[in-house]
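Dear colleague,

I am passing on the structure we talked about, together with some notes on its salt bridges and on one of its helices. Please have it open while you read.

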Amino acid sequence: MPKVIKELNKTIGNRVREKRENLNLSREAFAELAGVSQSFINEIERGRSGMSSESLAAISKALCVSTDYLVFGESGKYDRIISLLRNLNSSKLEHMERIVKEIVDAL
């Protein structure tokens with residue numbers, strides 16, 4: 001495997017681990033959310049393995065970050081908002097949806 005690919009795998013793995021830990025998710029719970037195996041998460045976080053575009057999308061969705069963040073280290077415009085909304089119960093989320101719709105409609 002070329003050196004540049006190994007370094008990219010390590011960088012992505014570090015970002016995945018950091019975000020998972022910030023969400024207080026065990027590898028087991030995170031793997032379940034992402035729909036992958038715990039051993040796969042272990043390999044990713046250690047930089048020993050790359051991932052398919054499907055796995056990258058599932059992992060970024062489970063972490064509530066953009067794929068751009070995982071690959072390039074750049075937070076997407078919506079990552080912070082998504083992270084805040086993620087913890088709302090369904091009633092509060094529906095309320096936030098109405099508020100956002102009203103703001104967008106007013107523009």
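Predicted model: local features only at pLDDT ≥ 70, side-chain atom pairs only at ≥ 80, totals over all residues.

Counting contacts between a side-chain nitrogen of Lys or Arg and a carboxyl oxygen of Asp or Glu within 4 Å, the total comes to 4 salt bridges.

I would begin with R20, which is buried at a relative accessible area of 7%. The side chain of R20 forms a salt bridge with E45, and the closest N and O atoms of that pair are 2.5 Å apart. Because E45 belongs to helix α3 (residues 38-45) while R20 belongs to helix α1 (residues 3-22), this pair ties together parts that lie 25 residues apart in sequence. Like R20, E45 is buried.

R20 also meets E21 in a salt bridge, with an N to O distance of 3.9 Å. That value falls within the 4 Å limit used here. E21 has a relative accessibility of 43% and therefore counts as partly exposed, since that class covers values between the 20% limit for buried and the 50% limit for exposed.

A further salt bridge joins K101 and D105, whose side chains meet at 2.8 Å, N to O. Both residues lie in helix α7 (residues 90-106), where they are 4 residues apart, or about one turn of the helix. As a general point, an α-helix has 3.6 residues a turn, so residues three or four places apart point the same way. K101 counts as exposed at 51% relative accessibility, and D105 is likewise exposed, with a relative accessible area of 52%. Elsewhere, salt bridges that share partners link R20, E21, R27 and E45 into one network.

Just after α3 comes G47, which takes a positive phi of about 75 degrees.

Methods: Residues numbered from 1 in each chain as written. Heavy atoms only, no water. Buried < 20%, exposed > 50% of the residue type's maximum accessible area, 1.4 Å probe, protein only. Helix = DSSP H or I, 4+ residues; strand = E, 2+ residues; numbered from the N terminus.
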